[in-house]
Amino acid sequence: MPRFVFVTGGVVSSLGKGIASASLGAILEARGLKVSLVKLDPYINVDPGTMSPFQHGEVFVTQDGAETDLDLGHYERYVRYTATRNSNFTTGRIYESVIAKERRGDYLGATVQVIPHITDEIKRCIMLGAGDSDVCMVEIGGTVGDIESLPFLEAIRQMGVELGRNNAAFMHLTLVPVVTGGEIKTKPTQHSVKELRGIGIQPDVLLCRSRDPLPDEQRRKIALFTNVEERAVISAVDADDIYKIPVLLHEQGLDDIIIDKLRLAANPTDLAEWHAVIAAKHTHEAVVNVAMVGKYMQIRDSYISLNEALTHAARKTSTRVKIHYIESTDIEKTGTGCLAGMDAILVPGGFGERGIEGKIQAVRYARERRIPYLGICLGMQVACIEFARDVLGLEGANSTEFNRQTPDPIIALITEWRDRGGTTVIRDERSDLGGTMRLGAQAANVEPGTLAHAIYGSDRINERHRHRFEFNNLYLDRMQAAGLKISAFSEDELVEIVELPGHPWFVAVQFHPEFTSTPRDGHPLFSGFVQAARQYRAAQVPAAAVGS
């Protein structure tokens, strides 16, 4: 049976429970243990699929097609583990399941209550997510004291009792602020632990977020007032590289504390891979400027996996990548001058009409000036629209997502494709936004001799999708005749990768390769993109000083 580490947070939200959980998982994995991770989110949405990126940040997509919390991206980047739909449960999903059981009569007429029915369902879901792992990290979203997270906290309290003292550990993350004059304040941590103990949970470990390592005096004070042994009061300091955190936590003995508490048999810690990842950040032979032209630039969390994929590629290619975040609506207002001096242009995914014309202008800028271009999901769709307009001469080309009346729906729902006498007829089919997309990992066949094949080095790839609209195959022959190369198709003949053979490096993909990039392994598409940016920069001798 798996052992469990339950991770909670207090004082303020967004302290980094996800990275802390993933980092501990990485250390335990480095000691030969099989680790799984589960995130419990207190919001009532069934999943974050329809939530605004401005509120929620990125929606991470699992291999089996679940739209989940962005912390699962951290889990997969730190631990060699593949998350599934059983790795993320929300209040909405829990209640949805319980209500369905009640409607079926599974509770035999009993009054359905938060305790025991909701808490029993939470415990059942945690066990599902744990699978056959040695240790399961369970992160509780939100902050101790929030009414929304109380059922989850009660469920893990019950599990702590039911599993026994050596099968469950509780790790609590708090904030230790520094006020005017440099004084370190431990009172918020004391109150947070008091709140947690009031619910019936005594933490075994405290991770104290702070600017600098906690002095011994403050560690002793926190240990005394929280009933946590002094060695288990760990400094979670601000780091200039998030991939240092497993090493920093190991140096303070966090993994030994957990292994002792859970009485696990484990190997000596081998963090050689993580030391190599850290060292790679400071080993760069060149600098490149990459423009990321997106729709949600005010919130960096909207593109976490993409940002990390670029940093992974930077480490793998010994390159310093400077990302310039450009709001596509700004290009619509002021033009493409903001792209001057860029060594590569990346257009990421997104939904809705806002900012689309700015993305199309960015594509044209990259195509005409022969600047390396990488389009992801919507970035592929706008690349096809731009090509159809400017090269094929279809001035009204568009996606039916943005213009239902477009005369040339280059991008459309599959259900909207109909060919009558050589003309495309659009059916006005619409459905609920939740659960109607092509989601999860799907195979694609890559054509030999293409740039995509050279990048992947394989005839067959498997990448994760999250989109509703597709390239309209009724335009396939005309687009290819005009020079657009379709270099990969899905097994059911949907377009997966397009490229421009006459361009130094122009690749656009329908899927999201950023979801499978990791700091230890990188991803060939992003590594190829960064290498292309280096080659472009090297050829632009007058621009070599830009951003150096």
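## Strand pairing

In this predicted model, strands β14 (residues 344–347) and β15 (residues 373–376) run parallel and are joined by 3 bridges. Strands pair if DSSP finds at least two bridges between them. V347 has G375 of β15 as its bridge partner. Strands (E, at least two residues) and helices (H or I, at least four) are DSSP runs, numbered from the N terminus.

## The sheet

β14 and β15 belong to an open sheet of 9 strands with mixed pairing. The order is β13-β12-β14-β15-β25-β24-β23-β20-β21. β13 (319–327) and β21 (460–467) are the edge strands, each pairing on one side only. From one strand to the next, the twist averages 25°.

## Helices across the sheet

Helix α12 (residues 304–316) lies across β12 (286–294), β13, β14 and β15. α12 runs at about 155° to β13. Helix α14 (residues 356–368) lies across β12, β14, β15 and β25 (506–509), at about 150° to β14. Angles run from 0 to 180 degrees between N-to-C directions; axes are lines fitted to C-alpha atoms, for helices over the stretch in contact. Contact means heavy atoms within 4.5 Å.

## A helix pair

The axes of α5 (residues 114–130) and α6 (residues 150–163) come within 9 Å and cross at roughly 70°. That makes α5 roughly perpendicular to α6 (65 to 115 degrees). Among the residues that meet are I118, I122 and I126 in α5, and F152, I156 and M159 in α6.

## Basis

Residues are numbered from 1 along each chain as its sequence is written. Local features need pLDDT of at least 70, side-chain atom pairs count only at pLDDT 80 or more, and totals for chains, interfaces and linings use all residues, while side-chain values use heavy atoms, leaving out hydrogens and water.

Technical notes: Angles under 35 degrees count as roughly parallel, over 145 as roughly antiparallel, 65 to 115 as roughly perpendicular and the rest as oblique.
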